[in-house]
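Dear colleague,

Please find below the structure that I am handing over to you. My findings follow directly after it.

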Amino acid sequence: MKNVFVMDHPLIQHKLTLIRDKETGSKEFREAIKEIAMLMGYEATRNLPLQEIEIETPICKTKTKVLAGRKLGIVPILRAGLGMVDGMLNLIPAAKVGHIGLYRDPETLEPVEYYCKLPADVHERDLIVLDPMLATGGSAKAAIQFIKDRGATSIKFMCLIASPEGIKVISEAHPDVEIYVAAVDEKLNDHAYIVPGLGDAGDRLFGTK
Ligand code: URA
């Protein structure tokens, strides 16, 4: 699929193995997710526009490039997306951080937004939505729609592990959104967990299991 970028860099794959391992504790899990997010962010920002400026080195004047000042934003989907924020901010410290939280209505099974706070100028920003696991795609699809409804026009989605089903859901619902993923796993199980996956990313990040 042309809007899906699988980042199979050896460093990313090595750290993915660490977070998949059930023996890895919360501290190491958190650190590895942060590092993977940073490595992925490096690739996901590859096409940021540059502009030429003139500076003076100790030797002479020269024309050189800096980021063109395009405004960036990152939006973690609560709560597991929070684990990816610090890694992204290490790379792009000037990015604004929005947050979005959803729950599934027990009767309609539809995702309902319970929290959304985005930068006021969201329509001017290139946004990267973060969630480590893209499973059924239901919440990511809805989160992206809620963010678009608030005026965002430029959105990328970054996750660590995706299911083929989740990728299909996002690609069909949001063909304009590029998906950056470190691994596409085999399938979902009956409880909508990714197989082999890494279990519940939120629980493993925050030690709530
Ligand atoms: N969310 C998770 O944290 N893990 C999965 O496998 C699926 C959804």
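Which residues does M40 touch, not counting residues up to four places away in sequence? M40 touches M7, I12, M158, C159, L160, Y180, V181 and A182, where contact means heavy atoms within 4.5 Å.

Some notes on the basis of these values come next. This is a predicted model, in which local features need pLDDT of at least 70 and side-chain atom pairs count only at pLDDT 80 or more, while totals for chains, interfaces and linings use all residues. Residues are numbered from 1 along each chain as its sequence is written, and side-chain values use heavy atoms, with hydrogens and water left out.

The nonpolar cores

M40 is among the residues with the most contacts inside the largest nonpolar core, together with L16, I19, L130, M158 and L160; this core has 35 residues. A nonpolar core is a set of buried Ala, Val, Leu, Ile, Met, Phe, Trp, Tyr and Cys residues joined through side-chain atoms within 4.5 Å. Buried means under 20% relative accessible area, exposed over 50%, and partly exposed in between (1.4 Å probe, protein chains only). Among the elements that give two or more residues to this core are α1 (10–20), α2 (26–44), β8 and β10; helices (H or I, at least four residues) and strands (E, at least two) are DSSP runs, numbered from the N terminus. The largest share, 7 residues, comes from α2. A second, separate core of 26 residues includes L118, A142, A152 and V177.

Strand β8

In β8 (residues 126–130), 5 of 5 residues are buried. D126, I128 and L130 point one way from this strand, and L127 and V129 the other way. β8 pairs in the parallel sense with β4 (residues 72–76) over 5 bridges; two strands pair if DSSP finds at least two bridges between them. G73 stands opposite L127. A parallel pairing over 5 bridges also joins β8 to β10 (residues 154–162), with V129 opposite F157.

Aromatic pairs

The structure holds 2 aromatic pairs. Rings of Phe, Tyr and Trp (its six-membered ring) pair if their centres lie within 6.5 Å; planes under 30 degrees apart count as stacked, over 60 as edge-to-face and the rest as tilted. F5 and Y180 are stacked, at 5.0 Å centre to centre and 15° between the planes. F5 lies in β1 and Y180 in β11, 175 residues apart. Y180 is buried at 5% relative accessible area, whereas F5 is partly exposed at 32%. The rings of Y103 and Y114 have centres 6.4 Å apart and planes at 35°, so this pair is tilted.

With kind regards
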